[in-house]
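The sequence and structure come first.

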Amino acid sequence: MSSTTELPAPKVDDLSDPKEIHDRGYLVLCWDDPVNLMPYVTHVFRQTFGWDRERAEKHMREVHEIGKSVLVRDNFEKAEFYVHELQKYSLTATLEPAE
Amino acid sequence: MKLLSRETDRAVWLLDTKEREGLLFLMGTGARRREVNPAKGFDAVGIEDSDETELEGWLREHRNSASLEISDQLNDPELCVRRRGGHAWTLLHGQSELLLQVLNELRISAWKRLGQPPEVLPDPLPPPGTDDYIDCWIMETASIFQSQLLQGLENE
């Protein structure tokens, strides 16, 4: 939190047409893991996205039961920010171009 | 660790003496152990090794500074005020979130060093004084603090 180090950029697929990809936006995904507690994941989603409890729990259950959940679709900068926020909480989050 | 009061931007927590010592141990010894024997990240789909290493480096720096920041707060007599029954510890909203992040990461690091056991704690417990025993203690204690924090923060 007090660090001022520049964040590394998350890996995304090669873009054949950056403009087109940019227009479609990017998806932020959260992946299941065997150790994070469910109430903790719900709390992190609420903090990161400002969601109410019901919406946060819905996505938490998707992560737990399906193995992943698409959390938001946004432009690259915001998607990258969200991924880093989730990773600060030790959640496994990635972004990928929206199709 | 009990919630005494909460306002929009801050919360005041009651820590008894042992809880404060436990948190200081976690932020000191617990945080140093992850440097001596760092736990590798999850095998996340979509993240290549080189990116993961770079990101983990940044995250490690973030968590190290966070652990120091929390230790400093616990040792600051204006933020962690001695009172009957222990200490009243004032945490701004962002600091509570930082504490949650650090506790969770310490718990996960200890779990990984223990070989990622399917159960919460190995049964039987490792002999006292061994590295594995300390990691079990870190896992369990961080988990308790994490649950208490979440309970206080999520109650509306």
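In this predicted model, the largest nonpolar core has 56 residues, of which A:Phe45, B:Leu23, B:Trp89 and B:Leu99 touch the most other members. A nonpolar core is a set of buried Ala, Val, Leu, Ile, Met, Phe, Trp, Tyr and Cys residues joined through side-chain atoms within 4.5 Å. Helix H3 (residues 93-113) of chain B gives the most to this core, with nine residues. Contacts (heavy atoms within 4.5 Å) of B:Leu99, not counting residues up to four places away in sequence, include B:Met1, B:Ile70 and B:Trp89.

Chain B also has an open sheet of four strands in the order S1-S2-S4-S3, with antiparallel pairing. Two strands pair if DSSP finds at least two bridges between them; helices (H or I, at least four residues) and strands (E, at least two) are DSSP runs, numbered from the N terminus. The edge strands, listed below, each pair on one side only.

| Edge strand | Residues |
|---|---|
| S1 of chain B | 2-6 |
| S3 of chain B | 80-83 |

Strands S2 (residues 10-15) and S4 (residues 86-92) of chain B share six bridges, and B:Ala11 has B:Leu91 in S4(B) as its bridge partner.

A:Arg55 belongs to helix H3 (residues 53-66) of chain A. Because its relative accessibility is 41%, A:Arg55 counts as partly exposed (buried is under 20% relative accessible area, exposed over 50%, partly exposed in between; 1.4 Å probe, protein chains only).

Residues are numbered from 1 along each chain as its sequence is written, and chains are lettered from A in the order in which they are written. Local features need pLDDT of at least 70, side-chain atom pairs count only at pLDDT 80 or more, and totals for chains, interfaces and linings use all residues, while side-chain values use heavy atoms, with hydrogens and water left out.
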